[in-house]
Amino acid sequence: MVFSSSISCLLLYILVVVSFLFSINSLETGNHQSANQTFKSEQKLYKLKKIIASRLQQINKPAIKILQSPDGDIIDCVLTHKQPAFDHPLLKGEKPMDPPESLRRHNKIENTSDHFQLWSLSGESCPEGSIPIRRITEEDMLRAYSIKGFGRKFDDPYLHEYAVVTKKNDKFYGAEGAINVWTPYIETPNEFSLAQMWLIAGSYGKDLNTIEIGWQVYPHLYGDYRTRFFIYWTGDDYKSTGCYNLICPGFVQTNKRFAIGGAINKISTYNGRQYSMTLKIFKDKNTGNWWLQVGPGSGNLVGYWPSKLFTHLKFAAEEVNFGGEIVNIKSTGSHTSTVMGSGNFPEEGFRKAAYIRNMQVIDADNNLHPLKNPEYSLTNFFCYSIVQGNTNPKWGYHIYFGGYGRGNKCP
């Protein structure tokens with residue numbers, strides 16, 4: 001009986017010791033695995049940061065002067081002939097071209113450029129022979145879906161919704177319009193809202209060529225909710241060519257007064273003062289390049305897209321669009337509440353809804369013609385809308401567009 005009790009006590013003691021040793025070993029193993037995982041995560045982050053640093057070195061060119069914008073942007077003044085455009089294989093060794101002779105005689109600096117963007121409010125500017133480029137940061141890159149795809153649009157066309165007027169089945173050599181500027185509400189940083197003008201050629205889903213200009217709010221790209229002046233282009237239906245602004249080689253900037261991708265200074269207010277920006281794209285008959293102009297009349301030439309970037313737009317545009325676009329990713333399982341335009345439906349009219357006025361197209365001889373009988377196109381008329389305006393004869397052909405997204409009629 002005493003022996004049996006001693007045996008039982010001994011066995012119990014051994015069991016406790018074994019359990020203790022096992023728990024110590026498990027704890028050490030767990031700590032070791034945790035340390036391994038932490039080490040591997042740090043290695044991955046280090047490699048990612050090296051890749052990002054290398055990419056940033058490609059995008060951000062050496063500055064001869066650095067300016068700080070009130071909104072936090074860093075503006076690098078880069079020598080014109082060393083800008084990102086000339087990294088493109090088709091543009092290697094080239095230098096910026098002069099504007100067409102006819103425009104050089106008449107082109108003047110409009111007040112548009114003096115107070116158009118926040119970065120220039122201090123009165124500082126880039127030296128002659130350089131251009132202002134918004135610096136891309138490591139934080140910008142870390143927000144990207146991929147390093148390779150940074151600066152490109154979503155590749156899923158079903159996420160995009162539009163309210164536009166379209167003119168097609170003809171040859172167009174440019175377009176012009178004054179686009180009303182707002183700061184629309186964005187539900188999630190991965191979505192955007194914009195107003196723009198498109199020139200299009202080629203086939204949708206295959207080899208589409210586009211040039212796009214306007215304003216947008218896109219937190220995922222820029223890291224804030226400010227309204228920004230942007231450009232975009234693609235030569236292969238958004239697959240591997242083109243991007244926003246100057247992130248990839250392509251657009252050649254020639255003007256030192258505009259930072260493409262920079263925040264716009266003057267924004268319209270509901271039932272208050274309205275601001276618009278006149279934008280124009282036209283094809284130079286001699287070189288075939290597509291020039292971008294900002295401002296009314298002779299305006300300010302900002303730069304050009306070389307014709308060699310394109311397959312179809314090398315010759316002419318086949319379609320022109322004006323209007324609004326949003327991205328709807330349905331993060332809550334229902335339609336987004338990201339708004340288009342001012343967030344008000346077009347029926348509310350001037351000072352309340354967004355507009356584009358004096359919409360015109362350009363012929364082969366660089367003559368402007370008022371837009372006539374365009375097609376109206378909506379992807380979701382319950383959420384956003386577009387109507388022809390009739391408020392002011394001086395506005396030429398004009399539209400109101402927009403909407404507030406999710407609501408009673410837009411579930």
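This is a predicted model: local features need pLDDT of at least 70, side-chain atom pairs count only at pLDDT 80 or more; totals for chains, interfaces and linings use all residues.

Cys 243 has a relative accessibility of 1%, and because buried means under 20%, this residue counts as buried. Its partner is Cys 248, and the two form a disulfide with their sulfur atoms 2.2 Å apart; Cys 248 is buried as well, with a relative accessible area of 14%. The torsion about this S-S bond is about -95 degrees, so the disulfide is left-handed.

How many disulfides does the count come to? It comes to three, and, with bonded cysteines counted along the chain, they follow the pattern 1-2, 3-4, 5-6.

Another of them joins Cys 77 to Cys 126, with an S to S distance of 2.1 Å. Cys 77 sits in strand E2 and Cys 126 in the loop between helix H2 and E3, so this pair ties together parts that are 49 residues apart in sequence. Cys 383 is joined to Cys 410, and here the torsion is about 90 degrees, so the disulfide is right-handed. Both Cys 383 and Cys 410 are buried.

A search of the whole structure finds one cavity of 30 Å³ or more, and the largest cavity has a volume of about 100 Å³. Its lining has nine nonpolar, two polar and one charged residues, among them Phe 150, Asn 245 and Arg 134. Strand E3 and helix H4 each supply at least two residues of that lining.

How values were computed: Residues are numbered from 1 along each chain as its sequence is written. Side-chain values use heavy atoms; hydrogens and water are left out. On a 1 Å grid over the protein atoms alone, a cavity is a set of points where a 1.4 Å probe fits but cannot get out, and a pocket is an open set with protein on both sides within 12 Å along at least five of seven lines; lining residues have an atom within 4 Å of a point. Grid points are joined across faces, edges and corners, and a volume is the space filled by probe spheres set on the points. Helices (H or I, at least four residues) and strands (E, at least two) are DSSP runs, numbered from the N terminus. Ala, Val, Leu, Ile, Met, Phe, Trp, Tyr, Cys and Pro count as nonpolar, Asp, Glu, Lys and Arg as charged, and the others, Gly among them, as polar. A disulfide is a pair of cysteine sulfur atoms within 2.5 Å. Buried means under 20% relative accessible area, exposed over 50%, partly exposed in between (1.4 Å probe, protein chains only).
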